[in-house]
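Here is a short briefing on strand pairing and salt bridges. Please keep the structure open as you read.

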Amino acid sequence: MKIVSLLPSTTEICYALGLGEAVVGVTHECDFPSDARSKPHLTANVLPDGDHSSADIDRMIAERVQNGQSIYHLDTDLLADLAPDLILTQELCEVCAVSYTDVLAAARTLQKVPDVAAFEPHNIDEILGSMAEVARLAGVPEQGHQTVSELRARLLAVVDRVAGATPRRVLCLEWLEPPMAGGHWVPEMVRLAGGVNVLGVEGQPSAYVTWEQIAACDPDVIIVMPCGYDLDATRFAMTELDGVDAWPGLRAVRESRVHPVDGSGYFNRPGPRIIDGVELLARLIHG
């Protein structure tokens, strides 16, 4: 079987299931594991090159979405050359990957029309369900059951470890300007790690908030996890917060409980490393 993965999360899922050799094409953002970087890239970002502030990136994405334009280019010629049996894509977020509509249209032009599977997880259980479904589609269901069972066991171990710990109020910043509170599975991750999530709702999309709302909540801990940023990029982006009037007065800032993290690796992508993210949160929240 030949698999094209048009999501970093499904690429990671394939490798976690032992399907790395079956993956023949990925996106330009598929960077884990390292072997995935060597696969042919079927996508490219169409936003202007260069260093841009959080506000500028948000504005450019919003303009393209409002105009019905994608922020990604799909190489349909390469897709035809690869002739996949299965394409993995998503319907969850219009700015996270090539649109499902575009993928379907491209798939239908191929000489042999492949199966197209779209995933739209909103919580951890659905993320694990996605892994089991990829395994089923790829013909390795038992591997899926085993991998999911191992990940569930790790989750339960975290819950047991933080049981009885003093709960701390946690804000997860998924974007900096304008500020956005993490949604979907992120609030659930905080809860499982023994925290009390603020300004985000389990199973609901990430939402824009204001600095006034953040100041009113005055969280004990702030996790900075801009979508699509690794740890180094997050640390660099945090320099923007120096210009936010409310920032120095926040309890988490005063008490040095602000933690930049690798959002791409452990929080933004609905794949197997979400469990690593819960384990990391437990350490950051409880010190």
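In β5, Leu86 is the bridge partner of Ile3. The model is predicted, so local features need pLDDT of at least 70, side-chain atom pairs count only at pLDDT 80 or more, and totals for chains, interfaces and linings use all residues. Residues are numbered from 1 along each chain as its sequence is written, and side-chain values use heavy atoms, with hydrogens and water left out.

**Strand β5**
- Strands are DSSP runs of E, at least two residues; helices are runs of H or I, at least four; both are numbered from the N terminus.
- Strands pair if DSSP finds at least two bridges between them.
- β1 (residues 3-5) runs parallel to β5, joined by three bridges.
- Five bridges join β5 to β6 (residues 115-119), also in parallel.
- Ile87 stands opposite Val116 in β6.
- Five of the five residues of β5 (residues 86-90) are buried (under 20% relative accessible area; exposed is over 50%, partly exposed in between; 1.4 Å probe, protein chains only).

**Salt bridges**
- The structure holds eleven salt bridges (a side-chain nitrogen of Lys or Arg within 4 Å of a carboxyl oxygen of Asp or Glu).
- Asp31 and Arg269 meet at 3.0 Å, N to O.
- Asp31 lies in the β2-β3 loop and Arg269 in the α11-α12 loop, so the pair ties together parts 238 residues apart in sequence.
- Asp31 is partly exposed at 31%; Arg269 is buried at 12%.
- Glu12, Asp31, Arg269 and Arg273 are linked in a network of salt bridges.
- Glu279 forms a salt bridge with Arg154, at 2.9 Å between the closest N and O atoms.
- Glu279 lies in α12 and Arg154 in α6 (residues 141-162), so this pair ties together parts 125 residues apart in sequence.
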